[in-house]
Amino acid sequence: MSELVARTGRHQQRYEAGYRLIAGCIPFRFRNMEENGGETAGKVVEVLMINSTSGPGLLFPKGGWENDESVEDAAIREAIEEAGVRGDLVHFLGYYFFKSKTLQDEYSPEGLCRAAMFALLVKEELECWPEQRLRRRSWLTIPEAIQCCRHPWMRQALEEGFSKWHDSGMASTMNNED
């Protein structure tokens with residue numbers, strides 16, 4: 001098996017109208033709920049969050065969308081690099097805008113970012129991944145994730161994008177694949 005390596009630098013970074021283009025995802029899975037007798041009582045959705053390397057709180061995998069990849073490929077790459085998971089992008093959640101305090105450069109002097117976010121149904125958790133030494137994974141229920149989310153724009157993606165999509169019943173068609 002070849003070792004996975006995280007991409008670094010911004011020489012391939014995409015920009016549009018003063019915004020740095022970001023791709024990310026909300027990784028999720030279905031977990032069986034058990035009743036007191038040990039019988040399965042249904043399934044609950046859990047989302048995967050990772051620690052921030054620059055402060056408190058948890059986040060979803062995301063990073064720069066580069067010139068040599070599609071936005072979908074970038075979201076999948078970030079899930080592998082940062083969270084060590086592979087899966088299927090099953091729904092586009094929308095675009096979310098934010099201002100980065102640390103990612104100001106000549107193409108986006110104000111640090112403006114536009115993130116394309118997707119729902120990623122996790123199929124595999126990797127034992128080794130590129131940012132393993134920097135990141136810890138946490139599986140959380142949606143209410144727990146809302147409380148722990150570091151960035152308001154990610155909380156918005158979870159509440160207004162992922163939760164509305166999940167609550168509409170669209171995700172329920174996938175929980176029978178186990």
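Modeller: Let's begin with contact, which means heavy atoms within 4.5 Å. Leaving aside neighbours within four places in sequence, Val122 is in contact with Pro27, Phe28, Val85, Arg86, Gly87 and Trp139. Keep in mind that this is a predicted model, where local features need pLDDT of at least 70, side-chain atom pairs count only at pLDDT 80 or more, and totals for chains, interfaces and linings use all residues. Residues are numbered from 1 along each chain as its sequence is written, and side-chain values use heavy atoms, with hydrogens and water left out.

Colleague: Why is Val122 called buried?

Modeller: Buried means under 20% relative accessible area, exposed means over 50%, and partly exposed is in between (1.4 Å probe, protein chains only). Val122 has 15%, so it counts as buried.

Colleague: Where does Val122 sit?

Modeller: In strand E7. Helices (H or I, at least four residues) and strands (E, at least two) are DSSP runs, numbered from the N terminus.

Colleague: What makes Tyr95 partly exposed?

Modeller: Tyr95, found in strand E6, has 46% relative accessibility, so it counts as partly exposed. Together with Phe92 and Phe97, Tyr95 makes a nonpolar surface patch of about 320 Å². Patches are made of residues with over 30% relative accessible area and no salt bridge; like charges are joined within 9 Å and nonpolar side chains (Val, Leu, Ile, Met, Phe, Trp, Tyr) within 5 Å. The areas come from the Shrake-Rupley method with a 1.4 Å probe, and for residues only the protein chains shown count as cover.

Colleague: What makes something a nonpolar core?

Modeller: It's a set of buried Ala, Val, Leu, Ile, Met, Phe, Trp, Tyr and Cys residues joined through side-chain atoms within 4.5 Å. The largest one here has 46 residues, and Ile26, Phe28, Val47, Phe60, Met117, Leu158 and Phe162 touch the most other members. E7 gives the most to this core, with 9 residues. Not counting residues up to four places away in sequence, Phe162 touches Ile26, Phe28, Val45, Val47, Leu93, Ala119, Ile142 and Ala157.

Colleague: Why is the meeting of Glu46 and Arg31 called a salt bridge?

Modeller: A salt bridge is a side-chain nitrogen of Lys or Arg within 4 Å of a carboxyl oxygen of Asp or Glu. For Glu46 and Arg31 the N to O distance is 2.7 Å, so the pair meets that rule. Glu46 lies in strand E3 (residues 40-51) and Arg31 in strand E2 (residues 19-34), so they tie together parts that are 15 residues apart in sequence. Glu46 is buried at 7%, whereas Arg31 is partly exposed at 35%.

Colleague: How many salt bridges does that rule give?

Modeller: The count comes to 11. Among them are Arg77 with Glu69, at 2.6 Å, and both of those residues are buried. Another is Glu131 with Arg135, at 3.0 Å. Shared partners also join Arg29, Arg31, Glu46, Glu125 and Arg137 into one salt-bridge network.
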